[in-house]
Amino acid sequence: MFSIFKKKVLGNFSFLKTDLHNHILPGLDDGAKTISDSIELLQAMQQLGYQKIICTPHILGNIYPNTAATILPAFEAVKAVLVENGITLQIEVAAEYMADENFVEAVERKQPLLHFGEKKIILIEMSYLAPSPYLEQCVFQLILDGYQPILAHPERYNYYHKQPEKYELWKEKGCWLQLNALSLTGYYGRHVKQAAEKLLAAQFIDLLGTDLHHAQHLAALQYLCTTPYYKMLSLYPHFKNATI
Ligand SMILES: [Fe+2]
């Protein structure tokens, strides 16, 4: 689908240093299935110039009912075979939380949450079908508790496309916004691509993530490095990836 052959590669993602959103841990969600998948994806991320990878498997109700007890062993298993596979990337682990009733309950009860970095960053997503009635409460409480919430791929919530004020609202509430790099390739459709362009133009985006699940995503990411969007991203002044 996204052939990089015959196209000039304009650069890699070394300007970001860190990817903070991906599904490369094996057997936990709709991302990597086996440890070999994980290794292949990590090797490719290294070639793309990343230095640090924060692994963020889904925690999503009964669909992906992950907890630290399922995530940490998968993380340790991958970490244990990095060197023998020539991977020098630093890897850390957190999660991508669905902003559902389970999550709001965990936040309200101050249960331990999987976060990363000195700022105690927590990655949160919403359903693509409808906004979460819990997100505002979660963001408010997380900030009070000293966490830094990030809303994953705001451009993918179609119900926000005609309500740009919602993006502004989350920014005002102190939530960082994380764009999926693949949105600019059209991978998720034309409207998502347009929303991504608008959010970047408005300088609303704080972080760029890959949301890498599998080889098709990887091919699209490599393709992105051959398009004019690559240059735009490499010059965008507001990405915080290198500082987290
Ligand atoms: Fe994700």
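Ile54 stands opposite Glu92 in strand E4. Let me start there. This is a predicted model, where local features need pLDDT of at least 70, side-chain atom pairs count only at pLDDT 80 or more, and totals for chains, interfaces and linings use all residues. Residues are numbered from 1 along each chain as its sequence is written, and side-chain values use heavy atoms, with hydrogens and water left out.

First, the sheet. Helices (H or I, at least four residues) and strands (E, at least two) are DSSP runs, numbered from the N terminus. Two strands pair if DSSP finds at least two bridges between them. Here 3 strands make an open, parallel sheet, in the order E1-E2-E4. E1 (18–19) and E4 (90–93) are at the edges with a single partner strand each, so one side of each has no neighbour in the sheet. E2 (residues 52–55) and E4 run parallel, joined by 4 bridges.

Next, E8. Buried means under 20% relative accessible area, exposed over 50%, and partly exposed in between (1.4 Å probe, protein chains only). In E8, 5 of the 5 residues are buried, so the rest of the structure largely encloses this strand. Trp176, Gln178 and Asn180 are on one side, Leu177 and Leu179 on the other. E7 (residues 148–152) pairs with E8 in the parallel sense, over 3 bridges. Gln178 in E8 is the bridge partner of Ala152.

Now the cores. A nonpolar core is a set of buried Ala, Val, Leu, Ile, Met, Phe, Trp, Tyr and Cys residues joined through side-chain atoms within 4.5 Å. The largest has 74 residues, and those touching the most other members are Phe13, Leu25, Leu42, Ile53, Phe103 and Leu113. Helix H1 (residues 35–47) gives the largest share, 5 residues. There is also a second, separate core of 11 residues, with Ile54 and Ala152 among them.

Last, helix H6. Which residues of H6 are buried? They are Val192, Ala195, Ala196, Leu199 and Leu200. Down the axis, these buried residues fall within an arc of 135°, so they line one face of H6. That arc is taken from the directions from the helix axis to the C-beta atoms. The face turned away carries exposed Arg190, Lys198 and Ala201. What do the buried residues pack against? Helix H5 (164–172), strand E8 (176–180) and helix H8 (228–235). Contact means heavy atoms within 4.5 Å. After H6 comes Gln203, with a positive phi near 60°.
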